[in-house]
Amino acid sequence: MTKTLLKALTAASTILAGSAPVMAQDADVPTQLVDVMNKIFGVHPGFRANHAKGVVVEGFFTATPEAAALSKAAIFTGAKIPVTVRFSDATGVPNIPDGDPNANPHGISIKYHLPDGSDTDMVTNSLHFFPVGTGEDFVALLTAVSQSPKDAPHPTPLEQFASTHPSVPLAFGSTHTPDSFADEEYFGVNAFVFVNKDGARQAVRYQVVPEKTVHLDPAEAAAKAPDFLVDELPNRLKNGPVSFHLKAQLAAPEDQTKDGSKPWPDDRKIVDLGVLTIDKAVPDSLEAQKKLLFLPTSLTDGIEESDDPVIDTRGAAYAVSFGRRSAP
């Protein structure tokens, strides 16, 4: 694990931890995840346990014919599908500086509003792949972070965990601070299965690719204003829309789909599914995002879960977090 990465992760373990409750060890895994995030980041009423800071925008998605050939999902018909999109910083700290290394990975969550009145969601972030393969290991990773403050003796619990899980430093080492939420690549760390009108099935992992990718070095990021990302995007939209290409990396028959910490080979085919156009900032983003819940398990006909158990774990953890932040 690099010293820079270790510094960022151990710093997270001391952020407002003193105000958080003790994790309930006998709780289910999704509840344990939210508990340990609250322990690390503190409890902030009305805010998410992770990715607490963000900005909400709106736009539409238009699919390619290639998408319709892969999936019968309503979002891939080629019609203009309205979307609500939330970009976010990592951690459960609502006022984390956007240039802080702990704000990586950044996220984009997309809610597609379908013609029949239902919604379907995609939840992606700038990790190229997930640091661990199971919900239990994610609890163990976050617990190790919480037990590894800056003054902890070496090897710290985090260092010990990373030594037996090499995907952890590799995953977190794949992230950077962008100059704009609009200039970052985002990845679906779990596999999903497309089903087309003929019943053919294809495992995929999503990619949300900008027109250009611009990353800052750590010194540049540290010199930025605390809210430079959440402020920049609404200002950029005043001058015109922002667009991304939604893409799918296609699994080969021999590729596993149950472990998001193991990326597929780079030579796997990537298909352009369509263009995501963002053209409007939501006037009161803070209030809007408090009411929004994006679930990787909120799927529509033509898109199914793979055998990756983390999908259900994430969905349940988001629901636990939503219940807590929505409580009076």
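**Exercise 1. A salt bridge and its setting**

*Solution.* The model is a predicted one, in which local features need pLDDT of at least 70 and side-chain atom pairs count only at pLDDT 80 or more, whereas totals for chains, interfaces and linings use all residues. Residues are numbered from 1 along each chain as its sequence is written, and side-chain values use heavy atoms, with hydrogens and water left out.

Step 1 is the criterion: a salt bridge is a side-chain nitrogen of Lys or Arg within 4 Å of a carboxyl oxygen of Asp or Glu.

Step 3 is accessibility, where buried means under 20% relative accessible area, exposed over 50%, and partly exposed in between (1.4 Å probe, protein chains only).

Step 4 widens the view: Asp183, Lys212, Glu232 and Arg236 are linked in a network of salt bridges. Helix H8 (residues 228-237) also holds aspartate 231, which counts as partly exposed because its relative accessibility is 45%.

**Exercise 2. Other charged pairs**

How many salt bridges does the count come to, and which strands hold lysine 111 and aspartate 121?

*Solution.* Step 1: the count comes to 14 salt bridges.

Step 1: among them, the side chains of lysine 111 and aspartate 121 meet at 3.0 Å, N to O. This pair links distant parts of the chain, with lysine 111 in strand S3 (residues 107-113) and aspartate 121 in strand S4 (residues 119-125), 10 residues apart.

Step 2: lysine 111 counts as buried at 10% relative accessibility, and aspartate 121 is buried with a relative accessible area of 5%.

Step 3: a further salt bridge joins the side chains of lysine 262 and aspartate 259 (3.8 Å, N to O), and aspartate 259 counts as buried at 14% relative accessibility.

**Exercise 3. Strand S2 and helix H5**

Determine why strand S2 is largely enclosed by the rest of the structure, and which residues of helix H5 are buried.

*Solution.* Step 1: of the 8 residues of strand S2 (residues 81-88), 7 are buried, so the strand is largely enclosed by the rest of the structure.

Step 2 concerns the neighbours, two strands being paired if DSSP finds at least two bridges between them. Strand S1 (residues 54-63) pairs with S2 in the antiparallel sense over 8 bridges, and S2 pairs with S3, again in the antiparallel sense, over 6 bridges.

Step 4 turns to helix H5 (residues 157-164), in which Leu158, Phe161 and Ala162 are buried. These residues cover an arc of only 95° around the axis, which puts them on the same side of H5; the arc is that of the directions from the helix axis to the C-beta atoms. On the other side of H5, Ser163 and Thr164 are exposed.

**Exercise 4. The largest cavity**

How many cavities of 30 Å³ or more does the structure hold, and which element gives the largest share of the lining of the largest cavity?

*Solution.* Step 1: on a 1 Å grid over the protein atoms alone, a cavity is a set of points where a 1.4 Å probe fits but cannot get out, and lining residues have an atom within 4 Å of a point. Grid points are joined across faces, edges and corners, and a volume is the space filled by probe spheres set on the points.

Step 1: the structure holds 3 cavities of 30 Å³ or more, and the largest cavity has a volume of about 100 Å³.

Step 2: the largest cavity is lined by 15 residues, of which Asp121, Met122, Val123, Phe192 and Tyr206 lie nearest its centre. The largest share of this lining, 4 residues, comes from S4.

Methods:
Helices (H or I, at least four residues) and strands (E, at least two) are DSSP runs, numbered from the N terminus. On a 1 Å grid over the protein atoms alone, a cavity is a set of points where a 1.4 Å probe fits but cannot get out, and a pocket is an open set with protein on both sides within 12 Å along at least five of seven lines; lining residues have an atom within 4 Å of a point.
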